[in-house]
2 protein chains.
Amino acid sequence: MLTTTHVVTVSDLREIVLQIGLDSFMDEIISGIKDILRLDPLKKKVPARDGFHYHKPYPGLVEWMPSRVGDGPVVIKLVGYHPQNPKHFDVPTILGTISVYDTKTGHLEGIVDGTFLTAVRTGATSAVATSVMARQDSRIVGMIGAGAQAVTQLHALSRVIDIEQVLVFDKNPMVAASLAARCHTAGFEVPITLMEIDEIVPNVDVLCTVTSLDIGEGPLFSNVPTKPSLHINAAGADFPGKTELSRAFLLDSYVCPDHREQARQQGECQQLSDDEIGEDLDVLVRHPEKYEHLRSQRTVFDSTGLALADDVAATITLRHAREMNLGSFLQIEAIPADSMNPYAILTDVQKAVR
Amino acid sequence: MLTTTHVVTVSDLREIVLQIGLDSFMDEIISGIKDILRLDPLKKKVPARDGFHYHKPYPGLVEWMPSRVGDGPVVIKLVGYHPQNPKHFDVPTILGTISVYDTKTGHLEGIVDGTFLTAVRTGATSAVATSVMARQDSRIVGMIGAGAQAVTQLHALSRVIDIEQVLVFDKNPMVAASLAARCHTAGFEVPITLMEIDEIVPNVDVLCTVTSLDIGEGPLFSNVPTKPSLHINAAGADFPGKTELSRAFLLDSYVCPDHREQARQQGECQQLSDDEIGEDLDVLVRHPEKYEHLRSQRTVFDSTGLALADDVAATITLRHAREMNLGSFLQIEAIPADSMNPYAILTDVQKAVR
């Protein structure tokens, strides 16, 4: 048996995405997420994520998001959310890594980035939600919050609807202004217009909210009319006490959570009782014919982050790395020649390098 | 800021332990565990571990054991327990890896083996428990179960008491017979005598139970007399439903768990109500004078596995690796030059390698 761990670095990841092409990579993640959501729910084990939340040394959290599909590996993302990262350390708010553990033996099979992949899979999950809840002729997209997540939301949406125009707001005008250039480097071009929130909301077919609002700062808007069929991807980073939309607005919409338990703890669904919440995304994906009517209603996808989507992103990336012969294979676990003697590693020639 | 991850392989680990010496390495872990247990409990966050338990493809579990001390990093061990590993794959029952996440940013600072280190820290924790609960003139040690954990239990105990004789039982006579040779390769020599359980129990000062009993197979013995001051380290791998000692035996002993909540779910304490359980190990370590009388009583240390001990073992190992310039520094997280643009990693020269 292979006892080394496949470590995929960022240069391996870059090589993978460049070889496949960013659009195709995103398409693979989108369809991988659809496939995994379609599976029998009894085959998927996804405990609500847990973690440490703190205010020192800086406000933030580190959470673990485990999942297991069928008899497959345990995939666990460890992810940090530290809003002061860009300011203090010039690194993204969300940093993470995803590890894959073989369930035959407990061996760590592989480890891969969870920062780029979180951004990609969060976009991809919104694309899946949009593809089942929005009108298929949606053309105008709104974006409230123009940070890192906005880039991947727009890119992912562009793979499932034909975007003609994007209306953007960010409380930091510099961030809003730079979104077009960031989209350009990513290779997709969409006309972007900066607007105030109250001008954006009434005029868009699909809206993404991807802000880093502080607890109690929301909602982003209230008493603003919308198109009757507006679909919202409420995908801002989630936190107990943080919400982007008002309870009144949610009550007038069909609210579909990605993971009910998690959404009730950290998402927009914090504001709703169980019977005010619609079905989870996987139900809509499994029975699209039954939910076709949602396309003409106002819908909100309450995206708190799906461990299953991390599973998809990590599995696809590691498979490409293997096929392209990218990454390093390192012997991290101390596996002695005599499995009954932990100290044998001190005298053995490591058998794992055979 | 450093954005690479310090990956310590088994050859790095071997080099560290050989340079320091196995005895000194064990002593460092033992005193590190004592130090961390002495800290103000409010400074330590250790949720009970959680995980996936399954019967396919083989019976086993993968669990995550997170901890955080003060404003320090989040240390998380992912550990598998698969009793058929030695038979099917010639690898240890317990395989694991320990990861350290910086809580300023969420960055994965380092990753290191959790197999050797689990064995060492489990031994070290028993040594700590023995040093506060057993008679200091204990000379005769019993060992029920002679597998991988027996080696490190004996080694660790030899660092806190003067062992004159070891009485050993394993249901597999080959395993029992090879323990002496395994201890020899580890560099410590103790006269080992194979015996039946009922002969061992009455004659020892300190007993370690480190079996892989199946659920419902226990207890290991009943109605066997013991020395009045016997101290037991019940350190077999733990599982809901699995116990090594009988409820009657526990009721006649002072039972000290390593982590009350976990012990009530998975340890010997499953058989006890809260008021039948003594103080946790950290209380005894913080107030040794108050618990001096336990040395003359029958005591049981219910060892289910302390995430804090993993924290100590990983932190010490990573510190030595840094000081000895061992290990690889790999850029796993995809940190773009523009923290607002995840896709910048595709075009950037990676800024993290500066």
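This is a short tour of a two-chain model, stop by stop, for you to follow in your viewer.

Before you click, note that this is a predicted model, in which local features need pLDDT of at least 70, side-chain atom pairs count only at pLDDT 80 or more, and totals for chains, interfaces and linings use all residues. Residues are numbered from 1 along each chain as its sequence is written, chains are lettered from A and ligands numbered from 1 in the order in which they are written, and side-chain values use heavy atoms, with hydrogens and water left out.

**Stop 1: the two chains together**

**Stop 2: the interface**

Now show the residues where the chains touch. Contact here means heavy atoms within 4.5 Å, and 82 residues from chain A and 82 residues from chain B take part. Because 100% of the interface residues of chain A are also interface residues in chain B, the copies meet through the same surface.

Together the chains bury about 7400 Å², with 71% of that on carbon and sulfur atoms. This buried area is the accessible area (1.4 Å probe) that the two parts lose on being put together, summed over both.

Select A:Lys56 and B:Asp71 to see a salt bridge with an N to O distance of 3.9 Å.

**Stop 3: a glycine in a strand**

Select A:Gly80, which sits in strand β5 (residues 74-81) of chain A. Strands (E, at least two residues) and helices (H or I, at least four) are DSSP runs, numbered from the N terminus. Is A:Gly80 buried or exposed? Its relative accessibility is 1%, so A:Gly80 counts as buried; buried means under 20% relative accessible area, exposed over 50%, and partly exposed in between (1.4 Å probe, protein chains only).

Show what surrounds A:Gly80: beyond four places in sequence, it touches A:Leu61, A:Val62, A:Thr93, A:Ile94, A:Leu95 and, from the other chain, B:Gly106.

From that list, move to A:Thr93, in the loop between α3 (85-89) and β6 (94-101) of chain A. A:Thr93 is buried too, with a relative accessible area of 18%. Among its contacts are A:Gly80, A:Tyr81 and A:Pro83.

A:Pro59 is another stop, in the loop between β3 (50-54) and β4 (60-69) of chain A. At 31% relative accessibility, A:Pro59 counts as partly exposed. The residues it contacts include A:Tyr54, A:Tyr81 and A:Pro83.

**Stop 4: an enclosed helix**

Select residues 148-158 of chain A, which form helix α5. Why is α5 described as largely enclosed by the rest of the structure? Because 10 of its 11 residues are buried. Among them are A:Ala148, A:Val151, A:His155 and A:Leu157.

**Stop 5: salt bridges**

Side chains of opposite charge can pair when their charged atoms come close. Over all chains, the whole structure has 38 salt bridges.

Begin with A:Arg159 and A:Asp27, whose closest N and O atoms are 2.8 Å apart. A:Arg159 lies in the loop between α5 and β9 (165-169) and A:Asp27 in helix α2 (residues 22-38), so the pair ties together parts of chain A that are 132 residues apart in sequence.

Switch to chain B and select B:Asp280 with B:Arg260, where the closest N and O atoms are 3.2 Å apart. B:Asp280 counts as buried at 14% relative accessibility, while B:Arg260 is partly exposed at 22%.

Finish in chain A with A:Arg260, A:Arg264, A:Asp274 and A:Asp280, which are linked in a network of salt bridges.

Technical notes: A salt bridge is a side-chain nitrogen of Lys or Arg within 4 Å of a carboxyl oxygen of Asp or Glu.
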